[in-house]
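Me: I would like to learn how to read a structure, one feature at a time. Please start with something simple.

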Amino acid sequence: MPKVFSKAKLKEMSEIDVSGVAGLVNLQELYVRDFCIHRFNQGIDPDIFKDNKNLRKLSLTKTNFKSIDEQTFKNQEKLEYLNFYDNYFESIPDNLFSNQKYLKYINLRLSNNLKEIPKAVKKVIGLETILF
């Protein structure tokens, strides 16, 4: 039987393995803040959200991520809101948001290593808000 969650908030802990969100097929919102995610300390595992096809809002703030694979959001066609506030991304793959038809909001503020708005963000049709 699938696990049923519509919203999950995880914050202010020192370490967690967020692979627990895999399999939460009804998850619509995920908020992760102030984590040193030990398993993904350098980058986001490209399969972490593969089962979360109903994900609409994703917030990964102050999680110390440095990289993200272009396949990370390949199954998240319903994604509307993405918050990467205060991370350490060195780059964002050009095709990261290629499947996002409904993405309206992206926050990359305080992503210290990004010097300009990534091409991937510029390619999003229908984007209403960019914080950089």
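**Reading the features**

Reply: E80 is partly exposed, with a relative accessible area of 31%. The term has cut-offs: buried means under 20% relative accessible area, exposed means over 50%, and partly exposed is in between, with a 1.4 Å probe and protein chains only. Residues are numbered from 1 along each chain as its sequence is written, and side-chain values use heavy atoms, without hydrogens and water. The model is predicted, so local features need pLDDT of at least 70 and side-chain atom pairs count only at pLDDT 80 or more, while totals for chains, interfaces and linings use all residues.

Me: How much of the chain is made up of buried residues?

Reply: Buried residues make up 39% of the 132 residues in the chain. L96 is an example, since it counts as buried at 1% relative accessibility.

Me: How many helices and strands are there in the chain?

Reply: The elements are DSSP runs numbered from the N terminus: a helix is H or I with at least four residues, and a strand is E with at least two. The chain has one helix and eight strands. Along the sequence they follow the pattern β-β-β-β-β-β-β-α-β.

Me: Which strands pair with β4, and in what sense?

Reply: Two strands pair if DSSP finds at least two bridges between them. Strand β2 (residues 29-33) runs parallel to β4, and five bridges join the two. Y31 has S59 in β4 as its bridge partner. β4 also pairs with β6 in the parallel sense, over three bridges. There, K57 stands opposite Y81 in β6.

Me: Why is β4 described as largely enclosed?

Reply: Strand β4 covers residues 57-61, and four of its five residues are buried, so the rest of the structure largely encloses it. For orientation within any sheet, the side chains of a regular strand alternate between the two faces.

Me: How many salt bridges does a search of the whole structure find?

Reply: A salt bridge here is a side-chain nitrogen of Lys or Arg within 4 Å of a carboxyl oxygen of Asp or Glu. The search finds two. One is between the side chains of R33 and D34, at 2.9 Å from N to O. R33 is partly exposed at 31% relative accessible area, and D34 is partly exposed at 28%.

Me: What is the closest distance between N and O atoms in the bridge of R56 with E80?

Reply: For R56 and E80, the closest N and O atoms are 3.3 Å apart. This pair links distant parts of the chain: R56 is in the loop between β3 (43-44) and β4, E80 is in the loop between β5 and β6, and they are 24 residues apart. R56 is partly exposed, with a relative accessible area of 32%.

Me: Which residues form the negative surface patch?

Reply: Patches are made of residues with over 30% relative accessible area and no salt bridge; like charges are joined within 9 Å, and nonpolar side chains (Val, Leu, Ile, Met, Phe, Trp, Tyr) within 5 Å. Asp and Glu count as negative and Lys and Arg as positive, while His and the chain ends are not counted. The place of a charge is NZ of Lys, CZ of Arg, CG of Asp or CD of Glu. Areas come from the Shrake-Rupley method with a 1.4 Å probe, and for residues only the protein chains shown count as cover. D47, D69, E70 and D94 form the patch. E70 is in the loop between β5 (67-68) and β6 (81-83), and is partly exposed at 35%. D94 is in the loop between β6 and β7 (105-107), and is partly exposed at 37%.
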